[in-house]
Amino acid sequence: MSESSNNNLDHLREEIDSLDGEILELLNKRAAASLSVGKLKAGSADQIFKPFREQEVLRGLTERNPGPLPSEHLEGIYREIISSSRRLQRPERVVYLGPEGTFSYFAGLEHMGRQADLVPKNNFEDIFVAVSKGEADLGIIPLENSLKGTVGQNVDLFMRYPVFIQDEVYSRISHGLISKGAGLDQIKTVYSHSKALEQCAGWLRVNLPGALLQPVDSTAKAAEIVAASDEPCAALGNIKLANIFGLNVVAEAIEDLPDNWTRFLIIGPKPGQEGKRDKTTILFTTPDRPGALVSVLSVLSGKNINMTKLESRPFLGEKWKYMFFVDLQGDLGTEEYESIIDELKDRCLTFKILGSYPGGSQHGSKF
């Protein structure tokens, strides 16, 4: 490198150091403002996590971003800034299906930030229990996968526990093969969650035709087993698991269909608060008579309310009776829709608004 180039490089480094100092000063001013907000809210039951406000901040920043900083980088930086601000106001306990390294864990980490207190639970019901009893501020659960459909157990749990949807997260799912070794030829057993094994069945059939496919509770549990085993085995899951468990990535992006997304829900013990809420989820049962479901749906259709999801589930404890889980466009929690809600309740046996919340966007990063 020439002397002139070295001088230019030194000048640029000095400029970066100066800019870093300005950024540091501004970040601390922002942190001081967050601490002041926390003091004002001290002792109140006001929720710290405000997804509509966070979405508004991120959208405003990306719309004003002139570049060259890519908008996805800007959003990632600010998610961590917002996460820090939340923690300075009051630490939040967020429960998810553990152990550390599951897709739920990575979805929570990306959406809630690294300053959220992520606490693993052994099963989905434990998440609902913790949130409904106030033992956790929030919970994160998978609701549906674009390839394999709805996680029916979580729909059932909404009927049993008084929790409410605060936000939704769409995350792209990508699987890799991780092992202690670095090659395919010695692998005799592949561990993973049954859904992950299904999603990579074609690749496994071609590349590991003789391997035993062993379902376990989670992709993270699979990596834990492989890390502790002396046998020639591998785990199927997020390639970030390799760093957590000290393993090697043997193959990446081995899912049979690459456009694989999971919709996660953020749940809390109370309904979401004011703000832009453009989606509502309801849960209801109908009387046992002809046309009961059509009667309910006709109310929605007559008011020009778009239904984006309709799922029926057996009503536990009642043979041949069903409950219906429905996503609607619009904020049905506003006064504008009070008469419609009353009409729906009149036509249903039971009726519950699970939440009105901001519609989620599909994050580009792979989990």
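Asn-304 sits in the loop that links helix 11 (292–302) to strand 13 (307–314), where helices (H or I, at least four residues) and strands (E, at least two) are DSSP runs numbered from the N terminus. The model is predicted: local features need pLDDT of at least 70, side-chain atom pairs count only at pLDDT 80 or more, and totals for chains, interfaces and linings use all residues. Residues are numbered from 1 along each chain as its sequence is written, and side-chain values use heavy atoms, with hydrogens and water left out.

**Loop residues with positive phi**

- Asn-304 has a phi near 60°, a positive value in a residue other than glycine.
- With a relative accessible area of 73%, Asn-304 is exposed; exposed means over 50%, buried under 20% and partly exposed in between (1.4 Å probe, protein chains only).
- Ala-253, in the loop between strand 10 (248–251) and strand 11, is a residue other than glycine with a positive phi, near 50°.
- The relative accessibility of Ala-253 is 41%, so Ala-253 counts as partly exposed.

**Cis peptide bonds**

- Gly-67 and Pro-68 are joined by a cis peptide bond with omega near 10°, and Pro-68 belongs to the loop between helix 2 and helix 3.
- The bond between Gly-98 and Pro-99 is also a cis peptide bond, with omega about 5°.
- Pro-99 is placed in the loop between strand 1 and helix 4.

- Gln-47 lies between helix 1 (3–41) and helix 2 (51–64), in the loop.
- Gln-47 counts as buried because its relative accessibility is 14%.
- A polar atom of the Gln-47 side chain lies 2.5 Å from the backbone oxygen of Phe-49.

**Helix 2 against helix 3**

- The axes of helix 2 and helix 3 (residues 71–89) come within 10 Å and cross at roughly 145°; axes are lines fitted to C-alpha atoms, for helices over the stretch in contact, and angles run from 0 to 180 degrees between N-to-C directions.
- Helix 2 contributes Glu-54, Val-57, Leu-58, Leu-61 and Thr-62 to the contact, and helix 3 contributes Ser-71, Leu-74, Glu-75, Tyr-78, Arg-79, Ile-82 and Arg-86; contact means heavy atoms within 4.5 Å.
- Six nonpolar, two polar and four charged residues make up this contact of helix 2 with helix 3; Ala, Val, Leu, Ile, Met, Phe, Trp, Tyr, Cys and Pro count as nonpolar, Asp, Glu, Lys and Arg as charged, and the others, Gly among them, as polar.

**Helix 4**

- Helix 4 (residues 103–112) is largely enclosed by the rest of the structure, because nine of its ten residues are buried.
- Among the buried residues of helix 4 are Phe-103, Tyr-105, Phe-106, Leu-109, His-111 and Met-112.

**Nonpolar cores**

- The largest nonpolar core has 24 residues, with Phe-128, Phe-158 and Ile-267 making the most contacts inside it; such a core is a set of buried Ala, Val, Leu, Ile, Met, Phe, Trp, Tyr and Cys residues joined through side-chain atoms within 4.5 Å.
- Elements giving two or more residues to this core include strand 1 (93–97), helix 5 (124–132), helix 6 (152–160) and strand 11 (261–268).
- Helix 5 provides the largest share of this core, five residues.
- Apart from neighbours within four places in sequence, Phe-128 is in contact with Ile-141, Asn-154, Leu-157, Phe-158, Tyr-161, Val-163 and Ile-267.
- A second, separate core has 17 residues, including Tyr-96, Leu-118, Val-169 and Ile-173.

Methods
A polar contact is a pair of N or O atoms within 3.5 Å; within protein, one must be able to donate a hydrogen and the other to accept it, and residues adjacent in sequence count only if both atoms are side-chain atoms.
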